[in-house]
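Here is a short briefing on one model. Look over the sequence and the structure first, then work through the points below.

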Amino acid sequence: MIRRRPVLSLLTLAAVVFLLFPIVVVVGVALSRGDVLTFPPSGLSLRWFGEALTYQPFTDSLVTSAVVAAAATVIALAVGVPATYAVHRRSPRGRRLLQTVFLSPLIVPELVLGFALFQLFLVRAGFDALAALIIGHSVLLLPYAVRVTGASLEQADPALEEAAAGLGAGPVRTFFGVTLPVIAPGIVSATILSLLTSFNNVPMSLLLTSRSVQTLPVAMLEYVQTSFTPMIAAVSTLLLLLTIGVALVTERLVGFQRVFGRSAP
Amino acid sequence: MNHVVELRGVGHNFGAGPVLADLDLAVDRGEFLALLGPSGCGKSTTLRVIAGYLRPAEGQVLIGGRDATRVPPQRRNIGMVFQSYALFPHLSVAENVAFGLRMRKVGKLERTRRVGEALELVGLGQLAARKPGQLSGGQQQRVALARAVVIRPDVLLLDEPLSNLDARLRIQLRSELARVQRETGLTAVLVTHDQEEALALADRMAVLRDGRIAQQGSPREVFERPRNRFVAQFLGYENVLALPDRGEVAVRPEHVRIEAADAAADPSAVSFEGVVDELTYRGTHTTATVTVPLPAGPVALRGIALSPGALAPGRAARVVLSEPAIVPLLDEPHRPVLEENPV
Amino acid sequence: MRSRLATVALLLPAVVLVLVGFVYPYLTMLVAPAANPHPDVPGALVNAVTDPYVVDIVARTVRVAGMATVLSVAFGFPVAWAISRASARWRGALLLAVTFPLLLSTVVRSFAWIVLLGRDGLLSKALWAVGITSGPTQLLYTEFAMVLGLTQLFMPLLVLTAYSSLAGLDPTIEEAARGMGARGGAVFARVVLPLALPGTAVGAILVFAGCMTAYTTPSLLGGTRNRTLATLLYQEANTSLDWSAVSALAIIMTLLVLLVTMAMTRISAIGARR
């Protein structure tokens, strides 16, 4: 390919560099010895990693992000998988309407949804920010859960469930013994996608904060806008390593392309 | 009453119209019944009604003498083999076959024994630990059969089980199927669109059309004595025509001779003069289609051209029907009929 | 009967979640945000729409989003085309390279530009060295920086949707065209492009909508002097007590995205029909 179309290859290379170079910059800055944000860094050191790991706003918000991501993913799946099952296997009336309803959170800008939740749950109802975050993220993740497991269900042979019934399995037995194992890869994909989407989310989580509650990306954003040290790059690099780990695990479990291949909006 | 399965006046609609209409069917113990018909005739629907996946809008379903119309599939004692095999991909072959026994709370020892027997019966003893994904189509089909048979069902239901296999495998598995049914003595209902399959396997055959039974009987009865135009044509009696004083009859192309118009005529045979439409070379023989003017209108008849050299499209020819091969369609109205005012 | 009940039971929790976490908050925002005793959202809307400050910000938002979308398509489509024609080995690696950034949070992805575009950043030094500028220049906190950041953020999205579309094309169609005498360029323009257009258009719409509602990149790279709707909304939500006014901004953003999405969908449908 490179030999045959030099211009196109060059363009592709330039695009890849354009997309990936920032990662190199981030890692480079994270390894800076000094206090200034420069690239290439003047002098190398691991000190900022140490600082990042002990900076309380980061460690606290990391816990918050993890809790929110886990809780929201569990809720989105616990609520979304039965709903998807009902839509695909039990042909309720208004099937298309239901699909639209479950995918609707995707149409609205996340920031707007964040504000809507903020004014209702935080300002008016006085909820804890953590509760509002979990509700908001659950709503955000529901479309992913529904869509990914839906695709898995559609691909599965509906005769499998009929076969189980014919052999004597009641609806519950069939669901847990046949349906769930068959769509397991879809559920795993949905889980990984949901965890990552929630963890990285910025716009919705921006307003849903309180004195003690903040997600990690929001904490990072706040830091970047007030302080100009390489610590933010160190945190970013740690997150980068974590993401690479997730990508590897995904590849191992269900295949990278399967989860992230078709770009989810 | 020896009927294992009985359908009484079963009817059902699917949006556009009736898919089953006043269907009466009975299957005796140990009998192998084949449901045959073109796509959309309702044969699969009938099977699903027997299995319980579909509750009919009208009528009754009786299994083992008891009314099962309201009973869900999991509480009927049926063994179904699906066209797609529907093997559980996450379970091994042995676990697949054991599934129905588990649901019936059969103890581990007996379960293992019966699973082993069933796998031996279909010739897959050594593949017990494999997963369905690792098996060929033919092997998967046998596992599906073993899984349905091991639970000792009241009736074995087969929904086009061999349609997904290539021709050679189909014939091979067909005889396997016959053997298994014989050895287990199970009552079986097979749905197929393949005539040969029905004729080879069935003790009794029912041809369906638009949700009703067009004709039923032993394969020989139905095949050699079709009673109406639909069944005749479905079974390959391409030539259906009205003979004076005899009404509607059907003749297979194999029993029709197409000769040159000037060949010596046989006074004992029924023959017509007509014009050749086309000749088709078939390897072992050549067929010819000839349009023949009849009192009710021109009819195209197809037969075998013994001396194809003497024939050509557009030229005159004679169509000779062999008398023993003329089958009167007993259920078709006798024509010509005096024009009567409809009541 | 029992079956119908079971189906409802399976669907209910999801419906409740959508109602409680999405529909109800949205409705209250439209009508009476933050339990405001005297809400006047329609009035605030009129105010906002006629406020030149807001109009200016909306214009910037659309402008920046538009430019980023154009760049994403201009560079992203050829890349998608290249990937679809690459050998299997290259294809996998390229797709991975394009998809991976999407797994990172926007803060991580936009941060590098802060370092590169500052007064003492690499780009400033490079321009100086080449002679285009006569000293260090502040490229940060400009619309240029925002467009750059947004393009980098959303280009993978376009590459992937365009690639999906291109990969789905039947290669024998191109062979047929070539067999009928069309040369490379003509094949591309008359066969490939029209067929890949609908899929790519969908990608472009997603990119545009994303750029218009993005917060992180405009916030980090645009600064307070270059506000977009998103950054304005955030600021007002945090500082203003006039909830109706904030709601009005949120509504404007939602309507804008909906309008643009529908318009682009309509346009691409017309284009596809031709």
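Chain B has 343 residues, and 41% of them are buried. This is a predicted model.

**Chain B**
- Chain B holds 8 helices and 18 strands.
- The C-alpha trace of chain B spans about 80 × 55 × 35 Å along its principal axes.
- Take the contacts in chain B between residues at least 6 apart in sequence: 66% of them join residues at least 24 apart.

**A sheet in chain B**
- Three strands of chain B form an open sheet, in the order β11-β12-β18. The pairing is antiparallel.
- β11(B) pairs with strand β12 (residues 247–251) of chain B over 5 bridges, in the antiparallel sense.
- Within this sheet, B:V240 has B:A250 in β12(B) as its bridge partner.

**Nonpolar cores**
- In soluble globular proteins, nonpolar side chains tend to be buried together.
- The largest nonpolar core here has 160 residues. Those with the most contacts inside this core are A:F115, A:L142, A:A145, C:C211, C:L233 and C:L249.
- Helix α7 (residues 143–167) of chain C gives the most to this core, with 15 residues.
- A second, separate core has 102 residues. Among them are A:L167, B:F32, B:L54 and B:V240.
- Which residues does C:L249 touch, not counting residues up to four places away in sequence? They are C:A48, C:L229, C:L232, C:L233 and C:E236.

**Contacts between chains**
- There are 2 pairs of chains in contact, and chains A and C share the most contacts.
- In that pair, 70 residues of chain A are in contact with 68 residues of chain C.
- Helix α1 (residues 6–30) of chain A gives the most to the side of chain A that touches chain C, with 13 residues.
- That side of chain A divides into 54 nonpolar, 12 polar and 4 charged residues.
- No contact joins chain B and chain C. Their closest C-alpha atoms lie 11 Å apart.

**Confidence in chain A**
- Chain A averages a pLDDT of 89, and 97% of the residues score at least 70.
- Among the elements of chain A, helix α7 (residues 159–166) has the highest mean pLDDT, 94. Helix α12 (residues 256–260) of chain A has the lowest, 79.

Methods: Residues are numbered from 1 along each chain as its sequence is written. Chains are lettered from A and ligands numbered from 1 in the order in which they are written. Two residues are in contact if their C-beta atoms, placed from the backbone, lie within 7 Å. Helices (H or I, at least four residues) and strands (E, at least two) are DSSP runs, numbered from the N terminus. Ala, Val, Leu, Ile, Met, Phe, Trp, Tyr, Cys and Pro count as nonpolar, Asp, Glu, Lys and Arg as charged, and the others, Gly among them, as polar. pLDDT is the predictor's confidence in each residue, from 0 to 100. A residue is buried if 20 or more other C-beta atoms lie within 10 Å of its own, exposed if 12 or fewer, and partly exposed in between; C-beta atoms are placed from the backbone. A nonpolar core is a set of buried Ala, Val, Leu, Ile, Met, Phe, Trp, Tyr and Cys residues joined through C-beta atoms within 7 Å. Two strands pair if DSSP finds at least two bridges between them.
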